[in-house]
Amino acid sequence: MATIFSRIIQREIPANILYEDESCLALRDVNPQAPTHVLVIPKKEIATLVDATPEDQALLGHLMLAAARVARQLGVSDAFRIVVNNGADAGQSVFHLHLHILAGRKFRWPPG
Ligand code: AMP
């Protein structure tokens, strides 16, 4: 089902896009939880990580490499956290798969 991220991908609503290629884009989160908070979003609509199939294997790897590239681009590649919230109880609010890149502050473990 289409979400707000599909509308951003289609350029129907504005976003602060930092990176784009044929299969994903990276944009600033509107409600940042760290000094750097960027979302890496596949252009393909996949609701959650568990909805991904073996057909998506290369795409999932691509998202990780794109996240590393964006972290380098933003100068935070020494320390950042990647988060994927899968399901409402895990904190997922937009049901279009995305990676959070969080950086610029100290992170605790275990996460909250
Ligand atoms: P999650 O809760 O893991 O599904 O993450 C969804 C994220 O999308 C949240 O951190 C929101 O702040 C962010 N978000 C929602 N709408 C927008 C938007 N229009 N532009 C950028 N980020 C958004």
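**Reading the ligand shell and the fold**

Reply: By class, seven nonpolar, seven polar and two charged residues form the shell around the ligand. Here Ala, Val, Leu, Ile, Met, Phe, Trp, Tyr, Cys and Pro count as nonpolar, Asp, Glu, Lys and Arg as charged, and the others, Gly among them, as polar. The model is predicted: local features need pLDDT of at least 70 and side-chain atom pairs count only at pLDDT 80 or more, while totals for chains, interfaces and linings use all residues. Residues are numbered from 1 along each chain as its sequence is written, and side-chain values use heavy atoms, with hydrogens and water left out.

Me: Which residues come nearest to the ligand?

Reply: A residue is near a molecule if one of its heavy atoms lies within 4 Å of it. Of the 16 residues around the ligand, the nearest are Asp29, Asn85, Gly91, Ser93 and His100.

Me: Which elements each supply at least two residues of the shell?

Reply: Helices (H or I, at least four residues) and strands (E, at least two) are DSSP runs, numbered from the N terminus. Both α1 (4-9) and β2 (24-28) reach that number, and α1 gives the largest share, three residues.

Me: How many helices and strands does the protein have?

Reply: The protein has two helices and five strands, in the sequence pattern α-β-β-β-α-β-β.

Me: What are the spans of the C-alpha trace along its principal axes?

Reply: They are about 35 × 30 × 25 Å.

Me: Where are Pro110 and Arg11 placed?

Reply: Pro110 is in the segment after β5 (99-103), and the peptide bond from Trp109 to Pro110 is cis, with omega near 5°. Arg11 lies in the loop between α1 and β1 (17-20); although not a glycine, Arg11 has a positive phi of about 65°.
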